[in-house]
Amino acid sequence: MKRTDLVRHLESQGCELLREGSKHTLYFNPFNDQTSAVPRHREINDFLARKICRDLGIPQP
């Protein structure tokens, strides 16, 4: 999955950008106070995309 597609999905589900790291971006879900790191690769493995969504408590893309 493309990183831009995953970020678009996260933001459409209400997640917010918390901060930028050197190799990861942290996203925060304000509804349940959960955070998850999104790596800065062009392609993100589907298993990792599902794990990020599960960590944030949102449906899978």
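Close-up 1. Arg40 is partly exposed, at a relative accessible area of 38%, where partly exposed denotes the range between buried (under 20% relative accessible area) and exposed (over 50%), computed with a 1.4 Å probe on protein chains only. In this predicted model, local features need pLDDT of at least 70 and side-chain atom pairs count only at pLDDT 80 or more, while totals for chains, interfaces and linings use all residues. The side chain of Arg40 meets that of Glu20 in a salt bridge of 2.2 Å, N to O, a salt bridge being a side-chain nitrogen of Lys or Arg within 4 Å of a carboxyl oxygen of Asp or Glu. Because Glu20 lies in strand 1 (residues 16-20) and Arg40 in the loop between strand 3 and helix 2, the pair ties together parts that are 20 residues apart in sequence; helices (H or I, at least four residues) and strands (E, at least two) are DSSP runs, numbered from the N terminus. Glu20 is partly exposed, at 46%.

**Close-up 2. The salt bridge between Glu43 and Lys2.** The side chains of Glu43 and Lys2 come together at 3.2 Å, N to O, in a salt bridge. Glu43 belongs to the loop between strand 3 (34-39) and helix 2 (46-56), and Lys2 to the segment before helix 1 (3-12), so this contact links parts 41 residues apart in sequence. Glu43 is partly exposed at 47% relative accessibility, as is Lys2 at 44%.

**Close-up 3. Arg8 and Asp5 within helix 1.** These two residues, three apart in helix 1, are separated by about one helical turn, and their closest N and O atoms lie 3.3 Å apart in a salt bridge. Arg8 is exposed, at 54%, whereas Asp5 is partly exposed, at 35%. Residues are numbered from 1 along each chain as its sequence is written, and side-chain values use heavy atoms, with hydrogens and water left out.
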